[in-house]
Number of protein chains: 2
Amino acid sequence: MTEVSSNKAFGGYITKYKATSESLGGLTTQFNVFVPAHTEGQKFPVLYYLAGLTCNEDTGPWKGNFLSIAAAEGIAMIFPDTSPRGAEIVGEEDSWDIGTGAGFYLDATADKWAKHYRMFSFVTKELPKLVNDLQLPLDMNRQSIMGHSMGGHGALTLFLATLQYRSASAFAPVCNPTKSPWGIKAFSNYLKGGVEEGEKYDASRLLEKAKGRSNVALLIDYGAQDQFLKDGQLLPEALSQAAQNAGFNENQVNIRKQEGYDHSYYFISTFASDHIKYHASHLRA
Amino acid sequence: MTEVSSNKAFGGYITKYKATSESLGGLTTQFNVFVPAHTEGQKFPVLYYLAGLTCNEDTGPWKGNFLSIAAAEGIAMIFPDTSPRGAEIVGEEDSWDIGTGAGFYLDATADKWAKHYRMFSFVTKELPKLVNDLQLPLDMNRQSIMGHSMGGHGALTLFLATLQYRSASAFAPVCNPTKSPWGIKAFSNYLKGGVEEGEKYDASRLLEKAKGRSNVALLIDYGAQDQFLKDGQLLPEALSQAAQNAGFNENQVNIRKQEGYDHSYYFISTFASDHIKYHASHLRA
């Protein structure tokens with residue numbers, strides 16, 4: 001693991017690392033870690049941010065308006081990339097919604113992708129270990145996760161498929177990918193069992209199955225003017241229905257429709273403060 | 001003038017316009033305008049942000065962490081591009097520090113550039129008129145200006161060369177361009193009279209000449225770890241000396257060295273709040 005760059009921000013530092021990843025089949029991958037200013041002995045809980053299609057590890061820290069709030073709340077942040085890069089798989093660079101920049105936070109099982117496209121394992125298992133090895137002032141026992149669009153899908157599914165996060169939040173997430181064009185395309189390509197196998201990466205299906213789980217804490221914002229909402233990519237109503245079916249109340253699954261907002265980082269940055277404070281309340285508890 | 005896009009942000013809207021510009025020799029240019037949420041009859045003062053080399057009208061609103069603070073302070077913001085585009089001048093696209101993305105906020109006089117490269121006139125005269133024509137809830141009699149690097153040079157020189165702004169601020173500005181490699185290259189290319197003619201676009205020279213001017217209100221932040229500072233591009237000590245020579249005190253010209261910070265938008269976003277609040281205090285006075 002090597003340090004690529006380090007920039008002072010809001011009294012702390014955001015540092016970019018490059019690592020060779022076992023989960024990603026030996027490819028190198030980059031991620032950013034933001035650590036607020038700290039005093040001797042202080043340790044911060046960590047909040048992951050998963051970016052959306054075409055983005056990378058820099059998009060969140062550059063455009064999300066997150067760091068000022070994380071610094072004020074005493075939260076460290078970790079920003080992984082959105083996919084492996086440079087796997088040299090045929091077709092990897094041809095579409096914006098499959099391959100590079102479009103890992104969908106799953107572990108691929110289709111032969112073509114299975115060696116490298118394993119962002120689920122990378123983010124949930126390998127990345128925390130890599131960060132832990134850096135010996136930064138972090139408390140890796142307190143983790144939460146958030147994301148945008150494809151990364152919102154990632155945040156919700158990683159939260160629901162594991163027990164390692166205290167809370168999850170999402171901006172304009174793909175809530176029901178087995179029913180949306182992006183998700184169907186991704187699952188059909190990445191998974192040997194196609195869309196059916198994709199059920200395990202579908203936040204709405206996972207939420208129904210989480211019935212009775214005690215620590216469910218989800219905050220979702222989406223914009224009423226989001227073109228991808230109108231195109232049927234996001235399907236927040238499916239998640240809402242799943243919450244109802246599983247008996248989760250609004251304190252456990254809070255889905256908010258924001259009038260006038262779209263899919264852009266202008267929308268994300270507007271509600272960044274709400275989301276980070278939401279996680280802070282769970283991480284400091 | 002046409003509307004290119006409009007995004008809701010922090011309760012208000014940031015809208016991108018495309019206009020045919022007389023100052024820029026008939027080229028089209030784009031700019032963003034952020035207007036906070038408002039009630040009937042309310043009017044906001046305006047703050048311009050001039051971006052640096054290689055940037056455009058989107059860099060500030062995407063990466064500067066400005067809009068949240070502007071919204072809270074009740075300040076509208078205007079983000080022009082950093083140069084004309086598409087003038088089809090030979091060599092225009094060859095360097096990152098001359099031509100496209102590098103207008104230096106001056107009016108070129110060298111034959112090759114004189115028709116199109118007139119960002120000084122565009123920003124000080126034409127842009128306020130274009131914005132005024134939009135009939136937004138703005139009070140164009142209350143204007144301030146800020147910028148980064150080349151745009152910091154722009155903010156300081158436009159403030160000092162005109163009387164139309166109430167305050168100016170800059171992140172890591174080029175303070176003494178007649179003595180810095182970027183400035184010498186720009187003036188040698190754009191101005192018939194070269195570096196000597198460039199004296200009129202040199203903030204340190206202009207500040208000395210502003211001796212006795214009553215409304216001088218400048219805030220400058222630069223990072224001690226800024227590589228361009230180390231390379232002699234910024235020269236804040238020249239501006240400091242000029243302020244001293246002209247008898248301006250720290251309330252009038254406040255130059256702050258920020259330990260550990262560099263030239264990036266991480267630095268800018270950290271001090272964005274200070275700058276916008278500084279302008280708000282002058283704009284609301």
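A residue is called buried here when its relative accessible area is under 20%, exposed when that area is over 50%, and partly exposed in between, with a 1.4 Å probe and protein chains only. The model is predicted, so local features need pLDDT of at least 70 and side-chain atom pairs count only at pLDDT 80 or more, while totals for chains, interfaces and linings use all residues. Residues are numbered from 1 along each chain as its sequence is written, chains are lettered from A and ligands numbered from 1 in the order in which they are written, and side-chain values use heavy atoms, with hydrogens and water left out.

B:Phe104 is not a glycine, yet its phi is positive, at about 60 degrees. Most residues other than glycine have a negative phi. A positive phi, near 75 degrees, also occurs at A:Thr54, in the loop between β4 (44–50) and α1 (59–63) of chain A. A:Thr54, however, counts as exposed because its relative accessibility is 53%.

Chain A holds an open sheet of 9 strands with mixed pairing, in the order β1-β2-β3-β5-β4-β6-β7-β8-β9. At its edges stand β1 (2–9) and β9 (253–258), each with a single partner strand, so one side of each has no neighbour in the sheet. From one strand to the next, the twist averages 20 degrees. Two strands are said to pair if DSSP finds at least two bridges between them; β8(A) and β9(A) pair in the parallel sense over 6 bridges, and A:Leu219 has A:Asn254 in β9(A) as its bridge partner. Helix α10 (residues 236–246) of chain A packs on the sheet, touching β8 and β9, and its direction makes about 150 degrees with that of β9(A). For such angles, axes are lines fitted to C-alpha atoms, for helices over the stretch in contact, and the values run from 0 to 180 degrees between N-to-C directions.

The unreviewed UniProt entry places the feature "active site" at A:Ser149, A:Asp226 and A:His263. These residues span 115 residues in sequence, yet no two of their C-alpha atoms are more than 10.8 Å apart, so they gather at one spot. UniProt positions are given in the numbering used here, feature names are shortened, and annotations may be inferred rather than shown by experiment. A:Ser149 lies in the loop between β6 (138–148) and α5 (150–161) and is buried at 3% relative accessibility. Leaving aside neighbours within four places in sequence, its contacts (heavy atoms within 4.5 Å) include A:Trp182 and A:His263. A:Asp226, in the loop between β8 (218–223) and α9 (227–230), is buried with a relative accessible area of 0%. With the neighbours within four places in sequence again set aside, A:His263 is among the contacts of A:Asp226.

Turning to the two chains together, a rotation of 180 degrees with 0.0 Å of shift along its axis superposes chain B on chain A, with an RMSD of 0.0 Å. That is the relation of a two-fold axis. Copies are superposed by least squares on the C-alpha atoms of residues with pLDDT of at least 70 in both. In chain B, the C-alpha nearest the axis belongs to B:Lys63, 2.6 Å from it.

How values were computed: Helix = DSSP H or I, 4+ residues; strand = E, 2+ residues; numbered from the N terminus.
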